[in-house]
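The sequence and structure are shown first.

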Amino acid sequence: MHVLVVEDDAVLADGLSRVLGSHGMVVEVVGNGAQADQLLQRGAAAEVVVLDIGLPGMDGFEVVRRLRARGSAVPVLLLTARDAVEDRVRGLEQGADDYLVKPFATAELVARVKALARRHTPPQTALAMGRLSLDVAAKRARVGDKVVELSVREWAVLEFLLQHPSRVVSKQQIIDAILPWGDDLSLNAVEVYISRLRLKIADGGVTIRTIRGFGYMLEPGA
(Lines give C-alpha, C1' and ligand atoms only; values in the text may rest on other atoms or scores of the structure.)
Protein backbone atom coordinates (compact mmCIF):
# COMPACT_ATOMS: atom_id res chain seq x y z
CA MET A 1 0.00 0.00 0.00
CA HIS A 2 1.31 3.46 -0.92
CA VAL A 3 0.65 6.18 1.66
CA LEU A 4 1.33 9.91 1.28
CA VAL A 5 2.03 11.59 4.63
CA VAL A 6 1.69 15.39 4.65
CA GLU A 7 3.10 16.71 7.93
CA ASP A 8 5.30 19.75 8.65
CA ASP A 9 6.59 18.46 11.99
CA ALA A 10 9.71 16.57 10.88
CA VAL A 11 9.90 14.41 14.02
CA LEU A 12 6.26 13.38 13.81
CA ALA A 13 6.54 12.79 10.04
CA ASP A 14 9.55 10.52 10.57
CA GLY A 15 7.69 8.61 13.29
CA LEU A 16 4.63 8.15 11.09
CA SER A 17 6.80 6.95 8.22
CA ARG A 18 8.53 4.39 10.43
CA VAL A 19 5.29 3.08 11.95
CA LEU A 20 3.47 2.74 8.63
CA GLY A 21 6.57 1.30 6.98
CA SER A 22 6.82 -1.37 9.69
CA HIS A 23 3.39 -2.58 8.56
CA GLY A 24 4.52 -3.11 4.99
CA MET A 25 3.40 0.24 3.56
CA VAL A 26 5.40 2.35 1.13
CA VAL A 27 5.44 5.87 2.57
CA GLU A 28 6.22 9.20 0.91
CA VAL A 29 6.49 12.28 3.12
CA VAL A 30 6.09 15.95 2.19
CA GLY A 31 6.17 18.90 4.56
CA ASN A 32 3.65 21.38 3.21
CA GLY A 33 0.33 21.63 1.43
CA ALA A 34 1.67 23.05 -1.82
CA GLN A 35 4.00 20.07 -2.32
CA ALA A 36 1.18 17.67 -1.54
CA ASP A 37 -1.15 19.42 -3.97
CA GLN A 38 1.45 19.25 -6.76
CA LEU A 39 2.08 15.55 -6.17
CA LEU A 40 -1.61 14.74 -6.14
CA GLN A 41 -2.19 16.81 -9.29
CA ARG A 42 0.45 14.71 -11.05
CA GLY A 43 -1.39 11.54 -10.03
CA ALA A 44 0.83 10.35 -7.19
CA ALA A 45 0.42 6.62 -6.49
CA ALA A 46 -1.00 7.25 -3.00
CA GLU A 47 -3.75 4.84 -1.98
CA VAL A 48 -4.32 6.78 1.27
CA VAL A 49 -3.34 10.35 2.18
CA VAL A 50 -2.55 11.12 5.83
CA LEU A 51 -2.95 14.90 5.93
CA ASP A 52 -2.22 17.35 8.73
CA ILE A 53 -4.63 20.30 8.84
CA GLY A 54 -2.24 22.89 10.30
CA LEU A 55 0.26 23.11 7.44
CA PRO A 56 2.27 26.21 6.53
CA GLY A 57 0.91 28.11 3.52
CA MET A 58 -1.81 25.94 2.00
CA ASP A 59 -3.54 24.19 4.89
CA GLY A 60 -4.98 20.69 4.89
CA PHE A 61 -8.53 21.91 4.30
CA GLU A 62 -7.47 23.50 1.00
CA VAL A 63 -5.46 20.44 -0.06
CA VAL A 64 -8.43 18.12 0.35
CA ARG A 65 -10.81 20.67 -1.25
CA ARG A 66 -8.62 20.85 -4.37
CA LEU A 67 -8.23 17.08 -4.43
CA ARG A 68 -12.00 16.54 -4.48
CA ALA A 69 -12.53 19.38 -7.00
CA ARG A 70 -10.33 17.39 -9.41
CA GLY A 71 -12.61 14.40 -8.99
CA SER A 72 -10.12 12.25 -7.08
CA ALA A 73 -11.59 9.67 -4.70
CA VAL A 74 -8.32 8.78 -2.93
CA PRO A 75 -9.15 8.39 0.79
CA VAL A 76 -7.91 11.12 3.14
CA LEU A 77 -7.27 10.80 6.87
CA LEU A 78 -6.96 14.22 8.53
CA LEU A 79 -4.63 14.78 11.48
CA THR A 80 -5.55 17.73 13.65
CA ALA A 81 -4.61 19.31 16.94
CA ARG A 82 -7.96 21.10 16.81
CA ASP A 83 -10.54 19.28 18.90
CA ALA A 84 -13.36 21.70 18.04
CA VAL A 85 -16.38 20.04 16.45
CA GLU A 86 -16.62 22.72 13.74
CA ASP A 87 -13.06 21.96 12.55
CA ARG A 88 -13.80 18.25 12.30
CA VAL A 89 -17.06 18.93 10.49
CA ARG A 90 -15.34 21.33 8.10
CA GLY A 91 -12.75 18.72 7.18
CA LEU A 92 -15.36 16.07 6.49
CA GLU A 93 -17.47 18.50 4.48
CA GLN A 94 -14.44 19.37 2.33
CA GLY A 95 -14.20 15.70 1.42
CA ALA A 96 -12.00 14.00 4.03
CA ASP A 97 -12.94 10.42 4.91
CA ASP A 98 -11.78 10.27 8.52
CA TYR A 99 -9.80 12.20 11.12
CA LEU A 100 -7.61 11.72 14.18
CA VAL A 101 -7.05 14.28 16.93
CA LYS A 102 -3.45 14.66 18.17
CA PRO A 103 -2.06 13.08 20.24
CA PHE A 104 -3.21 9.67 18.99
CA ALA A 105 -2.18 6.05 19.43
CA THR A 106 -0.13 4.76 16.50
CA ALA A 107 -2.07 1.48 16.54
CA GLU A 108 -5.26 3.43 15.87
CA LEU A 109 -3.60 5.37 13.04
CA VAL A 110 -2.51 2.13 11.35
CA ALA A 111 -5.95 0.58 11.81
CA ARG A 112 -7.70 3.61 10.32
CA VAL A 113 -5.34 3.78 7.32
CA LYS A 114 -5.95 0.09 6.59
CA ALA A 115 -9.70 0.51 6.99
CA LEU A 116 -9.74 3.40 4.51
CA ALA A 117 -7.72 1.39 1.99
CA ARG A 118 -10.05 -1.60 2.31
CA ARG A 119 -13.18 0.51 1.80
CA HIS A 120 -11.78 2.00 -1.41
CA THR A 121 -10.42 -1.24 -2.90
CA PRO A 122 -12.82 -3.25 -5.10
CA PRO A 123 -13.07 -6.75 -3.61
CA GLN A 124 -11.63 -9.62 -5.61
CA THR A 125 -14.16 -12.34 -6.38
CA ALA A 126 -11.68 -15.10 -7.20
CA LEU A 127 -8.05 -15.88 -6.41
CA ALA A 128 -5.99 -18.70 -7.88
CA MET A 129 -2.52 -20.16 -8.20
CA GLY A 130 -1.66 -23.55 -9.63
CA ARG A 131 -4.59 -25.91 -8.95
CA LEU A 132 -5.59 -23.92 -5.87
CA SER A 133 -8.52 -21.52 -6.21
CA LEU A 134 -10.61 -19.45 -3.81
CA ASP A 135 -14.16 -18.30 -4.48
CA VAL A 136 -14.08 -15.19 -2.30
CA ALA A 137 -17.83 -14.53 -2.42
CA ALA A 138 -18.80 -18.10 -1.53
CA LYS A 139 -15.85 -18.54 0.85
CA ARG A 140 -14.97 -21.85 -0.82
CA ALA A 141 -11.49 -23.23 -1.44
CA ARG A 142 -10.72 -25.87 -4.04
CA VAL A 143 -7.74 -27.91 -5.13
CA GLY A 144 -8.71 -28.86 -8.64
CA ASP A 145 -12.32 -30.06 -8.32
CA LYS A 146 -11.93 -31.02 -4.65
CA VAL A 147 -13.38 -28.70 -1.98
CA VAL A 148 -10.94 -27.98 0.85
CA GLU A 149 -12.47 -27.44 4.29
CA LEU A 150 -10.90 -24.46 6.08
CA SER A 151 -11.53 -22.77 9.41
CA VAL A 152 -12.31 -19.03 9.37
CA ARG A 153 -8.74 -18.07 10.26
CA GLU A 154 -7.17 -20.63 7.93
CA TRP A 155 -9.26 -19.11 5.15
CA ALA A 156 -8.17 -15.59 6.10
CA VAL A 157 -4.47 -16.52 6.13
CA LEU A 158 -4.70 -18.32 2.78
CA GLU A 159 -6.66 -15.47 1.20
CA PHE A 160 -4.02 -12.96 2.34
CA LEU A 161 -1.21 -15.10 0.92
CA LEU A 162 -3.03 -15.41 -2.42
CA GLN A 163 -3.54 -11.64 -2.49
CA HIS A 164 0.25 -11.26 -2.30
CA PRO A 165 1.56 -14.02 -4.61
CA SER A 166 5.30 -14.64 -4.77
CA ARG A 167 5.90 -11.94 -2.17
CA VAL A 168 7.34 -12.33 1.33
CA VAL A 169 4.87 -11.43 4.07
CA SER A 170 5.73 -11.38 7.76
CA LYS A 171 3.76 -13.03 10.54
CA GLN A 172 2.86 -9.60 11.88
CA GLN A 173 1.55 -8.49 8.48
CA ILE A 174 -0.66 -11.58 8.38
CA ILE A 175 -2.00 -10.83 11.86
CA ASP A 176 -2.66 -7.18 11.02
CA ALA A 177 -4.46 -8.12 7.81
CA ILE A 178 -6.75 -10.88 9.06
CA LEU A 179 -7.83 -9.63 12.48
CA PRO A 180 -10.28 -6.89 13.34
CA TRP A 181 -8.58 -4.09 15.22
CA GLY A 182 -8.37 -4.94 18.91
CA ASP A 183 -8.43 -8.75 18.49
CA ASP A 184 -5.40 -10.79 19.46
CA LEU A 185 -3.41 -13.55 17.75
CA SER A 186 0.08 -14.78 18.60
CA LEU A 187 2.95 -15.28 16.20
CA ASN A 188 3.01 -18.96 17.17
CA ALA A 189 -0.66 -19.28 16.17
CA VAL A 190 0.24 -18.06 12.69
CA GLU A 191 2.79 -20.90 12.45
CA VAL A 192 0.06 -23.38 13.37
CA TYR A 193 -2.30 -22.07 10.65
CA ILE A 194 0.50 -22.17 8.07
CA SER A 195 1.32 -25.78 9.02
CA ARG A 196 -2.33 -26.82 8.68
CA LEU A 197 -2.66 -25.06 5.33
CA ARG A 198 0.40 -26.78 3.94
CA LEU A 199 -1.23 -30.14 4.60
CA LYS A 200 -4.61 -29.12 3.21
CA ILE A 201 -3.31 -27.64 -0.06
CA ALA A 202 -0.46 -30.11 -0.58
CA ASP A 203 -1.85 -31.21 -3.96
CA GLY A 204 -2.60 -27.67 -5.14
CA GLY A 205 0.55 -27.04 -7.13
CA VAL A 206 1.64 -24.31 -4.72
CA THR A 207 4.12 -24.05 -1.87
CA ILE A 208 4.05 -21.90 1.27
CA ARG A 209 7.75 -21.34 1.67
CA THR A 210 9.30 -20.18 4.94
CA ILE A 211 11.75 -17.31 4.42
CA ARG A 212 13.70 -17.60 7.65
CA GLY A 213 13.76 -14.38 9.64
CA PHE A 214 11.27 -12.65 7.33
CA GLY A 215 8.04 -14.65 6.97
CA TYR A 216 6.30 -16.68 4.29
CA MET A 217 5.88 -16.70 0.51
CA LEU A 218 3.19 -18.44 -1.50
CA GLU A 219 4.61 -19.51 -4.83
CA PRO A 220 4.01 -22.06 -7.58
CA GLY A 221 5.32 -25.45 -6.58
CA ALA A 222 5.14 -29.14 -7.44
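## The open sheet

In this predicted model, five strands form an open sheet in the order 2-1-3-4-5, with parallel pairing; strands here are DSSP runs of E with at least two residues, helices are runs of H or I with at least four, and both are numbered from the N terminus. Two strands are taken to pair if DSSP finds at least two bridges between them. The edges are formed by strand 2 (26–30) and strand 5, each of which pairs on one side only. On average, neighbouring strands of this sheet are turned by 20° against each other, direction ignored, where axes are lines fitted to C-alpha atoms (for helices over the stretch in contact) and angles between N-to-C directions run from 0 to 180 degrees.

Helix 1 (residues 10–22) packs on the sheet and touches strand 1 (2–6), strand 2 and strand 4, a contact being heavy atoms within 4.5 Å. The direction of helix 1 makes about 170° with that of strand 2. Strand 4 (residues 76–80) and strand 5 run parallel and are joined by four bridges, and leucine 78 stands opposite tyrosine 99 in strand 5.

## Aspartate 98 in strand 5

Aspartate 98 belongs to strand 5 (residues 98–101). This residue counts as buried because its relative accessibility is 14%; buried means under 20% relative accessible area, exposed over 50%, and partly exposed in between, with a 1.4 Å probe and protein chains only.

The side chain of aspartate 98 makes a polar contact with the side chain of arginine 112 at 2.7 Å. A polar contact is a pair of N or O atoms within 3.5 Å; within protein, one must be able to donate a hydrogen and the other to accept it, and residues adjacent in sequence count only if both atoms are side-chain atoms. Not counting residues up to four places away in sequence, aspartate 98 touches Val76, Leu77, Leu78, Leu92, Arg112 and Leu116.

## Helices 3 and 4

The axes of helix 3 (residues 60–69) and helix 4 (residues 85–94) come within 8 Å and cross at roughly 20°. Helix 3 is therefore roughly parallel to helix 4, a label given to angles under 35 degrees, with those over 145 roughly antiparallel, 65 to 115 roughly perpendicular and the rest oblique. Phe61, Val64, Arg65 and Arg68 of helix 3 make the contact with Asp87, Arg90, Gly91 and Gln94 of helix 4.

## Nonpolar cores

The largest nonpolar core has 31 residues, of which Val157, Leu162, Ile174, Ile178, Leu185 and Ile208 touch the most other members. Such a core is a set of buried Ala, Val, Leu, Ile, Met, Phe, Trp, Tyr and Cys residues joined through side-chain atoms within 4.5 Å. Helix 6 gives the most to this core, with seven residues. Apart from this core lies another, of 20 residues, among them Leu51, Leu67, Val76 and Leu78.

## The chain as a whole

The chain has eight helices and eleven strands, and buried residues make up 42% of its 222 residues. Its C-alpha trace spans about 60 × 35 × 30 Å along the principal axes.

Residues are numbered from 1 along each chain as its sequence is written, and side-chain values use heavy atoms, leaving out hydrogens and water. Local features need pLDDT of at least 70 and side-chain atom pairs count only at pLDDT 80 or more, whereas totals for chains, interfaces and linings use all residues.
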